[in-house]
Amino acid sequence: MIVDSKSKNFKYIIIGFIFTVLLSFCSPQGEEETHRLILKTIYKTLYFLHPNPIKINNEFSQKVYTQYFTNLDSQKRFFLQKDLEDISSYREKLDESWIHGNPTFFNITMKRFYQRIKEVENICYNILKTPFNFHKKEVYVPGEQKISYPRNKNEWIDEWRKYLKYLTLMEIVSPENAQESIWKYPKKNIIWMKQEKKARKKVEEYMQEYFRKLKMKKKTDWFSMYVNTITSQYDPHTNYFSPKEKENFDLNISGKTEGIGAELQDHKGYATIVKLLVGGPAWKSKKIEIGDKIIRVAKDINSESKNIIGMLLENSIRLIRGKKGSKVKLTIQKKDGTIKEVILIRDIIEKKEIFAKSVTILDNNNKYGLILLPEFYFNPENKNGRNAAKDMKKIIQELKKEKIKGLIIDIRNNGGGSLENVIEIAGFFLGKVPIVQVGLSSGRKKILKNKNNELLWKGPLVILVNELSASASEILAASIADYKRGIIVGSYQTYGKGTVQTFYSLNRFLFSKKELGALKFTMNKFYRVNGSSTQLKGVNPDIVIPTNISCLVRGMEKDQPNSMIWDRIDSIYYQPWKGKIDLEKIKLKSINRLKKYQDMMTIYQTIQLLETNFLNKKYIPLNWKDFWDENLKMQKINANFQALKNYLNVYELSPIPHSYQIISKLDKEWKKNLLKDFHIAECVNILRDFNENPLFD
């Protein structure tokens, strides 16, 4: 994802909204009017600003209708065929509903959905009162394999019976029951029957929790899903964010939150402490322990405490969060059952796993730097706050003091982030040159340059990518490749997201006291300096090393519905890097080194693909003998797959022989994994090849 946080050009919005929105709406009264306002405001925004306008017609309506039911009931467990028939009159009316901001279709489906949830809950509890017949020859078909919804209530009840029976069988053979007699005497029917009652009780507990959480979701939560079913018809990255969803997005992309420094999980309706962050307010207090339950929260010490038992965890967390320096009062149920009140002073809590970090690699007498950049993070609320570019600059300066002779930037699995940040980071290696082109909706283009003329790193450079390196990661990799500044290493291509998004607050021009949320929508495409888009095609590395996930990734941009097309624009003038190094010679050396590993990597991927296809079964037997035999067969095949993969890892796909060591005082687990990383090992070899050429500037 790329978010352009500097985009201020809202002239179309001003023109469109002054005359069509501000004069059309007053402050919304009630939930339905709020939904009307959100729908119409988003429609107008996309009508004026989306670079890929679509026809809002009957075909659009049919697509939304079908996708909406898929999103709402993907397993085909709640709705009956009759429900869809009753609502089918809207199949070709949703285009008009969208244009006029009419939420009637959503309201009708929600009413029916809530009705079905209530009925299904009763059905499940009734089914679970009676022991299952494991002698019966029948199969369970997973929801994603089903072609149609149940035709009537009898069929509906029977589908739920099979599903609950399947869950019960899975509970009986779960690893947690490995000590039970079922594993000692698998063919004895009486053993299965004894385990059946215990397992069925466990499934009933699971279902109680499932329905509790399902019923806690409010209509407004489902409304976001409905709106996004519509916006996704424009492209996969145009999304509506409710106020709480936008708040969570900002916290995730900034890597910071203001709270108490505790990780919570929902355990049967209780917000339960599962982790305390060292140095956080909860940890410092010495009054809170893992396993404690938070049962009441007062946003500040003068507020009335609110009971959060049974509340959705995300809503409980929002109550606990607050500004740094503010106080929150928690009522805690300790593990021994005692109740205590704890007052904590909130502080800034960092999500350290998304921040850039580095190690030094000592290879004989040479030192190399490795920087892991998981995201191009930034703080949407504070431009002077911590961001990826600032941290990268600091890290590179520190590595230079260690007199490194080469640098590896690992952006595998980096899904993107700030457009400003990636331009600045690319400039660390390229200087004050054009980094990327942005195609504007007017048909013109904008050339984005790094503003700083200072080159932070002039030495050998390797960029490591994979199929999940997306958006901003692709801008960095593409710019380094186009200027021939370094070598790109990784899987066959990167993710293929070549679009830029911006956030637009729905309250921007509206006189509404109620927070309406925000729209993240695609404004432009970005293009390499050579004119090519990275959309769908991504960036192709110089050195291809297939990854373990290559055959498993099915969610790349080209696989997404309604993805924008690949195209190109005119190239701009740019001069390749003036370094006196023969990149082609280095590439050839790496390719020759990897040749003997290609067959093994192909086998590895084939095993993974076979394993995935085997597990993706179209039906599951529910007869106890057939189920056991099938389960045993799956276990044996999986064990064989794993044994072969372990063999390949140890004897064929272990890192190419090397003599380097990782120098790092922090993150022992990361350091340990780096020593086993085949891709890092080859990147070190490439840096060795760079340093064999003394002419590199």
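A residue counts as buried under 20% relative accessible area, as exposed over 50%, and as partly exposed in between. The structure described here is a predicted model. Ser326 has a relative accessible area of 23%, and is therefore partly exposed. Ser326 is found in the loop that runs between helix H12 and strand E9 (327-333). When neighbours within four places in sequence are left aside, the contacts of Ser326 are Leu344, Ile345 and Arg346. The C-alpha atom of Ser326 is separated by 9.2 Å from that of Gly259, a residue 67 positions away along the chain.

Ala470 is placed in the loop between strand E18 (461-465) and helix H15 (472-482). The relative accessible area of Ala470 is 6%, so this residue is buried. Apart from neighbours within four places in sequence, Ala470 is in contact with Asn414, Gly415, Gly416 and Tyr495.

For the chain overall, the secondary structure comprises 19 helices and 24 strands. Of the 697 residues in the chain, 52% are buried. Among contacts with a separation of 6 or more, 76% are accounted for by residues 24 or more positions apart. The accessible surface of the chain is about 33,600 Å². Carbon and sulfur atoms contribute 52% of this surface.

Most residues other than glycine have a negative phi. In Lys286, phi is positive, with a value near 60°. Lys286 lies in the loop between helix H11 (281-285) and strand E7 (293-298). With 64% relative accessibility, Lys286 counts as exposed because the cut-off for this class is over 50%. Lys403 is likewise not a glycine and has a positive phi of about 60°. The loop that holds Lys403 runs between helix H13 and strand E14 (407-410). The relative accessibility of Lys403 is 66%, so this residue also counts as exposed.

The second largest pocket has a volume of about 1,600 Å³. Its lining comprises 47 residues, and those that lie nearest the centre are Leu277, Glu350, Lys351, Lys352 and Glu353. Two or more lining residues come from each of helix H10 (243-254), strand E4 (256-259), strand E5 (262-267), strand E6 (270-276), helix H12 (313-320), strand E11 (347-350), strand E12 (357-363) and helix H13 (388-401). H13 gives the largest share, at five residues. By class, the lining of this pocket divides into 19 nonpolar, 11 polar and 17 charged residues.

Cysteines were considered last. A disulfide is a covalent bond between the sulfur atoms of two cysteines. The structure holds zero disulfides. Cys124 has 0% relative accessibility and so counts as buried. Cys683 is buried as well, because its relative accessible area is 0%.

Conventions. Residues numbered from 1 in each chain as written. Predicted model: local features only at pLDDT ≥ 70, side-chain atom pairs only at ≥ 80, totals over all residues. Heavy atoms only, no water. 1 Å grid on protein atoms, 1.4 Å probe; cavity = no way out; pocket = protein on both sides within 12 Å on 5 of 7 lines; lining within 4 Å. Points joined across faces, edges and corners; volume = space filled by probe spheres on them. Helix = DSSP H or I, 4+ residues; strand = E, 2+ residues; numbered from the N terminus. Nonpolar A, V, L, I, M, F, W, Y, C, P; charged D, E, K, R; others polar. Disulfide = S-S within 2.5 Å. Buried < 20%, exposed > 50% of the residue type's maximum accessible area, 1.4 Å probe, protein only. Contact = heavy atoms within 4.5 Å. Areas by Shrake-Rupley, 256 points an atom, 1.4 Å probe, with all protein chains shown as cover.
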